[in-house]
Amino acid sequence: MSGLIRDLLAFDHEICEEQANFQTLPGIGILSEKICVNCRRAFVWRLTEGIDFMTTNYDAIIIGTGQAGPSLAARLAGAGMSVAIIERKLFGGTCVNTGCIPTKTLVASAYAAHMARRGADFGVEIAGAVTVDMRKVKARKDGIVRRSNEGVEKWLKGLNSGTVYKGHARFAGPHTVMINGELLEASKIFINVGARASIPPFPGLESANYLTNSGMMEVDFLPEHLIVVGGSYIGLEFGQMYRRFGSEVTIVEKGPRLINREDEDVSEAVKGILENESINVRLNAECIAMEKRGDRVVVKLDCSTGAREVAGSNLLLAVGRRPNTDDLGLENAGIALDERGYIVVDDQLRTNVPGVWALGDCNGRGAFTHTSYNGYEIVAANLLDNDPRRLSDRIQAYALYIDPPLGRAGMTEAEVRKSGRKALIGKRPMTRVTRAIVKGETQGFMKILVDAETQAILGAAILGPGGDEIIHSILDVMYAKAPYTVIRRAMHIHPTVTELIPTMLGELEPLA
Ligand SMILES: Cc1cc2nc3c(=O)[nH]c(=O)nc-3n(C[C@H](O)[C@H](O)[C@H](O)COP(=O)(O)OP(=O)(O)OC[C@H]3O[C@@H](n4cnc5c(N)ncnc54)[C@H](O)[C@@H]3O)c2cc1C
């Protein structure tokens with residue numbers, strides 16, 4: 001089908017009133033790219049006026065193959081729709097290629113090294129020092145990632161009525177998307193473009209060779225001293241893993257505590273776990289700046305205590321994520337963003353433009369693989385199953401994959417206190433959990449919060465062996481909207497960490 005795309009020209013004029021200041025960039029085919037010098041608002045296309053331009057129509061277009069897009073593509077194609085699937089780089093997105101899967105694979109290698117070093121604690125003797133071959137560690141990680149990445153690509157390319165495009169997609173209008181000089185049109189468009197590492201303008205950063213989570217995927221050597229800027233989930237996982245591989249590690253955090261969204265007791269325990277492995281934790285680093293000094297990278301901290309700077313061999317920036325929405329041509333479609341650049345969605349993940357949805361990290365309503373996948377389930381249920389699932393049905397849940405891991409569900413203690421409701425709390429250290437004792441892994445604790453009136457479980461944190469798995473036994477009872485007494489009366493298996501959850505619930509005390 002062909003159509004005259006004169007209306008694209010109109011976008012140029014709508015984007016910025018200072019039309020005179022458009023700078024034309026080198027063109028591709030009949031397109032030329034332009035950027036507004038004044039407002040720097042995205043690239044725009046200018047089509048040669050009067051040219052007949054091919055438009056390919058689909059029932060649905062999916063931009064990005066993160067954790068929602070592929071499953072949605074399969075569901076829509078299975079329902080008989082023609083679906084265009086667009087991916088600019090790596091099939092499977094962040095989780096598969098530079099996020100969850102590779103990091104947890106590396107965490108597994110780090111755990112093996114750690115346990116080998118602890119062998120003597122268990123009566124296991126290893127002759128000689130434990131060393132880590134980083135090339136083999138990376139090769140194991142690459143193999144697992146490759147299988148996932150290729151699996152996603154093959155799956156999508158094999159979909160009946162699915163067409164895969166490789167390239168960067170940009171909206172040309174509310175229901176048109178430009179890809180590699182081709183225009184695609186659909187009444188339904190799903191945005192699953194994810195997020196990337198945020199790079200704040202730290203003074204001197206341009207002179208320092210820094211890595212992000214993506215760059216870390218290529219590391220096949222042992223950094224002598226890795227400085228991790230950012231004391232949150234991603235930074236802590238990399239920090240502990242590299243310490244276990246054998247690097248000296250310093251974690252620099254600008255706030256007064258690590259993982260500051262967690263309760264203070266959780267932050268404090270996690271800091272202790274890291275410090276027990278001789279990781280340097282530098283908090284209150286308010287004036288972070290970088291400098292290249294010979295072959296060293298120096299991070300200036302200006303902390304209230306301790307040395308004013310730290311010099312290392314390598315620098316990892318793990319200071320948050322930003323959505324991939326800035327070069328998507330959203331202004332051409334009139335799709336609304338919030339002040340942080342996330343696409344605004346309603347409870348069913350619909351944007352303000354009818355027929356356009358946003359799923360996953362780009363909508364700011366969760367930053368995890370499971371929240372993105374749950375977004376797919378919500379959209380598919382509403383569109384195909386006449387099942388009115390909602391974002392607001394969700395209970396917050398996630399894990400921090402240091403060792404021992406932290407599993408979290410629902411509200412924190414601080415959030416419960418802030419809510420002002422009458423609540424009960426139970427807490428138990430891992431030193432009083434037999435399974436943790438026999439495994440020689442007694443760091444951490446578990447705690448649970450219960451509504452004193454309704455008996456509903458409000459939230460829980462399990463920092464200890466298997467915490468990432470055990471938390472689900474609590475999460476599912478929360479989804480069932482059952483009172484805590486259901487777990488209190490349950491018979492759990494001995495010896496497990498989970499067997500102490502009923503005991504902890506039998507010792508609840510009022511939240512003072
Ligand atoms: C180091 C690290 C560890 C993590 N660990 C965990 C974990 O253990 N558990 C967990 O739940 N979460 C984890 N996460 C978060 C998780 O990876 C993301 O939340 C998850 O990948 C969801 O992403 P998504 O579906 O929004 O899109 P993504 O997976 O980010 O994929 C988006 C895709 O869209 C493509 N794209 C972007 N723009 C365009 C465009 N204009 N045109 C075409 N294609 C485009 C990108 O190339 C990408 O492939 C981790 C993240 C990081 C960085």
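Me: On what basis are residues numbered and values computed here?
Reply: Residues are numbered from 1 along each chain as its sequence is written, and side-chain values use heavy atoms, with hydrogens and water left out. The model is predicted, and local features need pLDDT of at least 70, side-chain atom pairs count only at pLDDT 80 or more, and totals for chains, interfaces and linings use all residues.

Me: Which residues come nearest to the ligand?
Reply: A residue is near a molecule if one of its heavy atoms lies within 4 Å of it. There are 38 residues around the ligand. Those that come nearest are Glu87, Thr94, Lys104, Asp361 and Ser372.

Me: What is the distance between a backbone N or O atom of Thr369 and an oxygen atom of the ligand?
Reply: A polar contact is a pair of N or O atoms within 3.5 Å; within protein, one must be able to donate a hydrogen and the other to accept it, and residues adjacent in sequence count only if both atoms are side-chain atoms. A polar backbone atom of Arg88 is 3.2 Å from a nitrogen atom of the ligand, and a backbone N or O atom of Cys95 lies 3.2 Å from a ligand oxygen atom. For Thr369, the distance from a backbone N or O atom to an oxygen atom of the ligand is 2.9 Å.

Me: How much of the ligand's accessible area does the protein cover?
Reply: Accessible areas come from the Shrake-Rupley method with a 1.4 Å probe, and for residues only the protein chains shown count as cover. On its own, the ligand has 1000 Å² of accessible area. The protein covers 94%.

Me: Which elements give two or more residues to the shell around the ligand?
Reply: Helices (H or I, at least four residues) and strands (E, at least two) are DSSP runs, numbered from the N terminus. The elements that give two or more residues to this shell are β6 (83-87), α3 (93-97), α4 (100-117) and α10 (369-384).

Me: Why does the pair of Tyr58 and Tyr165 count as edge-to-face?
Reply: Rings of Phe, Tyr and Trp (its six-membered ring) pair if their centres lie within 6.5 Å; planes under 30 degrees apart count as stacked, over 60 as edge-to-face and the rest as tilted. Tyr58 in strand β5 (residues 52-63) and Tyr165 in strand β7 (residues 162-166) are 107 residues apart, and the pair links distant parts of the chain. Their ring centres are 6.2 Å apart and their planes stand at 85°, so the pair is edge-to-face.

Me: Is Tyr398 buried or exposed?
Reply: Buried means under 20% relative accessible area, exposed over 50%, and partly exposed in between (1.4 Å probe, protein chains only). Tyr398 forms one aromatic cluster with Tyr233 and Phe368, and Phe368 is partly exposed at 28%. With a relative accessible area of 9%, Tyr398 is buried.

Me: Why is helix α2 largely enclosed by the rest of the structure?
Reply: The buried residues in α2 include Gly69, Pro70 and Leu76. Gly80, with a positive phi near 95°, follows the helix. Helix α2 (residues 69-78) is largely enclosed because its buried residues number 7 of the 10.

Me: How far apart in space are Gly407 and Ile471, C-alpha to C-alpha?
Reply: Gly407 lies in strand β23 (residues 406-410) and is buried at 0% relative accessibility. In sequence, Gly407 and Ile471 are 64 residues apart. In space, their C-alpha to C-alpha separation is 5.5 Å.
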